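The following report goes through one protein model, beginning with a single residue and ending with the chain as a whole.

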Amino acid sequence: MNQIKEVTPQEVENKLEENEEFTIIDVREDEEVAEGMIPGARHIKLGDIPQSVDQLPKDESYVMVCRSGRRSMNASEFMKEKGFSDVSNMEGGMLKWNGELVF
């Protein structure tokens, strides 16, 4: 099994500041997302990932995010199994995010 690459919240913030091409997918539940999301993140609840991945381009770069990093790791592993090659998990999740939030 391919090892999922982990990125720190600081690395994600740097990628955003440098306008790198990647998509953040927030797999938290609606009530968690209501407390704030990373700017530009796309909200797809973990339970919706299996139906939603077919609409995502496999050749793009993704960073998966949840509250603590566990659910997003599960989503990352699922996407890898479905043929996505560039999937990273944000370690520590939103608990470790110190950057800007959008509501």
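Is Ser76 buried or exposed? Ser76 is buried, with a relative accessible area of 0%, where buried means under 20% relative accessible area, exposed over 50% and partly exposed in between, computed with a 1.4 Å probe and protein chains only. This is a predicted model, in which local features need pLDDT of at least 70 and side-chain atom pairs count only at pLDDT 80 or more, while totals for chains, interfaces and linings use all residues. Residues are numbered from 1 along each chain as its sequence is written, and side-chain values use heavy atoms, with hydrogens and water left out.

Ser76 belongs to helix α4 (residues 70-81), helices being DSSP runs of H or I with at least four residues and strands runs of E with at least two, numbered from the N terminus. Leaving aside residues up to four places away in sequence, Ser76 touches Ile4, Met64, Val87, Ser88 and Asn89, a contact being heavy atoms within 4.5 Å. In the loop between α4 and β5 lies Gly83, whose C-alpha atom is separated by 6.8 Å from that of Lys58, 25 residues apart along the chain.

| Residue | Relative accessible area | Class |
|---|---|---|
| Ser76 | 0% | buried |
| Gly83 | 44% | partly exposed |

In helix α1 (residues 9-17), the buried residues are Pro9, Val12, Glu13 and Lys15. They cover an arc of only 160 degrees around the axis, which puts them on the same side of α1; the arc is that of the directions from the helix axis to the C-beta atoms. The buried residues of α1 pack against β1 (5-7), β2 (23-26), β4 (61-65) and β5 (86-90). Just after α1, Asn19 takes a positive phi of about 55 degrees.

Taken as a whole, the protein has 4 helices and 5 strands, which follow one another from the N terminus as β-α-β-α-β-α-β-α-β. Its radius of gyration is 12 Å, close to the 13 Å that the globule rule gives for 103 residues, so the protein is as compact as a globular protein of that length; the radius is taken over C-alpha atoms, and the rule is 2.2 Å times the number of residues to the power 0.38. Along its principal axes the C-alpha trace spans about 30 × 30 × 20 Å, and 45% of the 103 residues count as buried. Of the contacts with a separation of 6 or more, 68% are between residues 24 or more positions apart.
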